[in-house]
Amino acid sequence: MTQKVAVLGTGKIGEALLSGMIRAGWDPADLLVTARRPERAKELQERHGVTPVTNAEAAKSADTLILTVKPQDMGTLLDELAPHVPTDRLVISGAAGIPTSFFEERLAQGTPVVRVMTNTPALVDEAMSVISAGSHATAEHLAHAEEIFGAVGKTLRVPESQQDACTALSGSGPAYFFYLVEAMTDAGILLGLPRDKAHDLIVQSAIGAAVMLRDSGEHPVKLRENVTSPAGTTINAIRELENHGVRAALIAALEAARDRSRELASGNS
């Protein structure tokens with residue numbers, strides 16, 4: 001781990017990535033950061049021992065550039081970086097909806113670009129990061145991206161054509177679960193439970209169910225059937241979910257998220 005890595009536009013996810021890399025064995029001396037506000041850059045330096053630099057300095061000195069600014073700010077950042085990025089730099093984009101071609105058109109011909117869609121569980125080292133290669137990225141570049149993002153969770157390689165679908169499922173995915181927990185907590189209150197007890201019951205049930213899904217190897221239908229006794233409480237609840245079209249609503253919601261990701265890719269803000 002002797003390569004220098006720069007995280008540009010270091011917000012919460014960027015900081016989580018830095019923290020995870022350091023815990024995984026990266027030397028803070030090899031990690032550079034940029035931030036819009038000087039006080040933010042100083043905060044990162046004091047907290048993690050990383051080196052604050054300008055965007056231009058990062059482009060000149062880092063072997064890998066991880067761009068974590070908001071999608072609407074990416075064009076401006078690339079205009080600033082383009083004169084300083086040699087073709088041997090690996091550029092990793094963490095911006096939702098922006099294809100690798102957007103970067104390749106604005107950087108020197110042949111610059112390797114890797115697109116990564118991660119999610120907020122990176123903050124607790126449980127991210128799902130989906131990785132796709134641009135036109136000039138090699139298997140070695142992909143492996144390097146996996147090494148970096150593997151520090152904060154699991155990684156998965158997919159063709160770039162599947163990135164919008166992955167954004168809908170895992171990029172936005174945590175929000176759906178938070179929404180479900182919020183609704184179930186409200187239901188618990190309606191049923192007579194204090195909010196804190198309803199919250200604890202639901203969160204632990206969610207953690208247990210997630211571990212079973214991950215570790216059991218069973219299909220979710222089989223796991224659900226194991227809880228669903230004939231004429232019992234669970235089947236009555238599931239009947240109501242089906243009567244209210246919850247399954248269809250989830251499918252429609254994910255399609256809407258995918259379509260919005262495509263709109264972002266086409267430049268529609």
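Guide: One may begin with burial: a residue counts as buried when its relative accessible area is under 20%, and as exposed when that area is over 50%. The model shown here is predicted.

Visitor: Is A95 buried or exposed?

Guide: A95 has a relative accessible area of 4%, and it is therefore buried, since the cut-off is under 20%.

Visitor: Where does A95 lie?

Guide: A95 belongs to the loop that links β5 (90–93) with α5 (100–104).

Visitor: With which residues is A95 in contact, leaving aside its neighbours within four places in sequence?

Guide: Contacts are made with L67, V69, P71 and M74. As for distances between C-alpha atoms, those of A95 and R115 are separated by 8.0 Å, the two residues being 20 apart along the chain.

Visitor: What does UniProt record for residues 4–97?

Guide: An unreviewed UniProt entry places there the feature "domain: Pyrroline-5-carboxylate reductase catalytic N-terminal". In the model, this span is 40% helix and 19% strand, with its end C-alpha atoms 27 Å apart.

Visitor: Which annotation covers residues 160–264?

Guide: The unreviewed entry gives "domain: Pyrroline-5-carboxylate reductase dimerisation". Residues 160–264 are 82% helix and 0% strand, and their end C-alpha atoms lie 15 Å apart.

Visitor: Where in the chain is confidence lowest, and where is it highest?

Guide: Helix α12 (residues 246–265) is lowest, at a mean pLDDT of 92, whereas strand β8 (residues 153–157) is highest, at 98. The chain as a whole averages a pLDDT of 94, and 98% of the residues score at least 70.

Conventions. Residues numbered from 1 in each chain as written. Predicted model: local features only at pLDDT ≥ 70, side-chain atom pairs only at ≥ 80, totals over all residues. Heavy atoms only, no water. Helix = DSSP H or I, 4+ residues; strand = E, 2+ residues; numbered from the N terminus. Buried < 20%, exposed > 50% of the residue type's maximum accessible area, 1.4 Å probe, protein only. Contact = heavy atoms within 4.5 Å. pLDDT = per-residue confidence, 0-100. UniProt positions renumbered as here; feature names shortened; annotations may be inferred.
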